[in-house]
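Please find below my note on this entry, written with the boundary between its parts in mind.

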Amino acid sequence: MVAAAAASAALETGKVSVLLGAQWGDEGKGKLADVLSMNMDVCARCAGGNNAGHTIVAHIGPDKVKTKFDFHLLPSGLVNPRCAGFIGSGVVVHVPSFFAELDALQKKGLNCDGRLFLSDRAHLVFDFHQVVDGLKEVELGGSSIGTTKKGIGPAYSSKASRSGLRVHHLYDQELFANKFRKLVEGRFKRYGHFEYDTEGEIARYKAFAERLRPFIVDGVTFIHTAISQKRRVLVEGANALMLDLDFGTYPYVTSSSTSIGGVCTGLGIPPTAIGSIIGVMKAYTTRVGAGPFPTELTDEIGVHMQEVGAEYGVTTGRRRRCGWLDLVVMKYSCLINGYTSLNLTKLDILDNLKEVKVAVAYLQNGKELPCFPADLDILANVEVKYETLPGWQGDISTAQTFEELPENCRAYVEYVEKFLGVRIEWIGVGPSRESMIKR
């Protein structure tokens, strides 16, 4: 009942609803995407690739069997059997992973026939991109950025250098083969001759092309037809604002635009098509891989967040670094993405803490910085100013309404809301679909 209410409240006829990560990723976007998709017609991906990761628990089939699904490349809205999934032009697609993920979903009882679509303008990720991804990390040595090694960065590099291959190229076999050979040869010249069966890959993609054909659409026509027909469209962002290529903690970022701008460029829609912009944020902060993390905790509280919050990556299995909620980061995120509302997730992970801190400012040489700094050397050496709030030390996992939360818990939510100037509309109090309070 709570999930259905949350879903219906987010719908705006004729407008696209957007769901974006507001921190460094892993905020729990998948659960709200699942909740909202219950009443959506289309769930779309606009950027990134199979470096994303969402886990959704749903009840499938006539017997309502509880099943866990891991999504990486495919839109997680597919869990709703009435919702179509669309992979937009800004996504980079590793075709073997596309089919492996689809086959895994189907094997668990999720029928996706006739409701999964792929833009013909999307760029392709090949196995050699993944090899190069690893070689680039080795080359960087101590400056490694912590890539997932899924080939995402090298694929976007091919795209930016205008040497990449797109989905539609698969259907001109001679052109595809010639461009593919040239692309691989360029990587051999750059990184030395690594083991790779170029001709074997060309043959493999000839077979993939036929299997992929039923999924392919003109992406621009598809999404604009959906909008013009007043179909309800949800855009599911991948990664998060602080991993954005332009506005994240560069170079410790992904290779695509993870901001609201990436929605427009990745789907080919104008800003006027967008209605609600929902930012998803954890009640604390996590990040994976290297890079400055001002509120990081390496003490028992950090371990508590890791263990109780199950902070391990869906895509990589890597342990996430954890720290207090950073409202400096969130203020910056709100400025760029213009959230119309927020989803505060995993609030229950803070249940047993005597006090809870939030970062409210960064200081350099005793002076408060006016904004989130671009220079990572500055970021790595800031002094963090905290506000300390009393904990609630009680189990909130059964709460169904905001009023049922302990007083100190409500005060924490209201403090964050007031500081950011954006309404917290959804509150996650547990891992299940039903554990979502709608205010």
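The points below take up the division of the chain and then the interface between its domains.

1. The model is a predicted one, and its chain is divided into two parts, of which domain 1 takes in 14–119 together with 217–438, while domain 2 covers 123–215. The C-alpha centres of these two domains are 29 Å apart.

2. As to the extent of the interface, 31 residues of domain 1 are in contact with 24 residues of domain 2, and the two domains bury about 2300 Å² between them, with 63% of that area on carbon and sulfur atoms. Within domain 1, the residues that lose the most area to domain 2 are V92, H94 and F99, which together account for 25% of what that side buries.

3. Turning to polar interactions, the count between domain 1 and domain 2 is one salt bridge, and seven residue pairs, both members at pLDDT 80 or more, are in polar contact between the domains. The side chains of D103 and R211 meet in a salt bridge, with an N to O distance of 2.8 Å.

4. On the side of domain 1 that touches domain 2, at least two residues each are supplied by β6 (92–93), α3 (95–107) and β7 (116–119), and α3 gives the most, with six residues. Sorted by class, this side of domain 1 has 17 nonpolar residues, 12 polar ones and two charged ones.

Definitions and conventions
Residues are numbered from 1 along each chain as its sequence is written. This is a predicted model: local features need pLDDT of at least 70, side-chain atom pairs count only at pLDDT 80 or more; totals for chains, interfaces and linings use all residues. Side-chain values use heavy atoms; hydrogens and water are left out. Domain bounds come from an automatic or database domain assignment. Contact means heavy atoms within 4.5 Å. Buried area is the accessible area (1.4 Å probe) that two parts lose on being put together, summed over both. A salt bridge is a side-chain nitrogen of Lys or Arg within 4 Å of a carboxyl oxygen of Asp or Glu. A polar contact is a pair of N or O atoms within 3.5 Å; within protein, one must be able to donate a hydrogen and the other to accept it, and residues adjacent in sequence count only if both atoms are side-chain atoms. Helices (H or I, at least four residues) and strands (E, at least two) are DSSP runs, numbered from the N terminus. Ala, Val, Leu, Ile, Met, Phe, Trp, Tyr, Cys and Pro count as nonpolar, Asp, Glu, Lys and Arg as charged, and the others, Gly among them, as polar.
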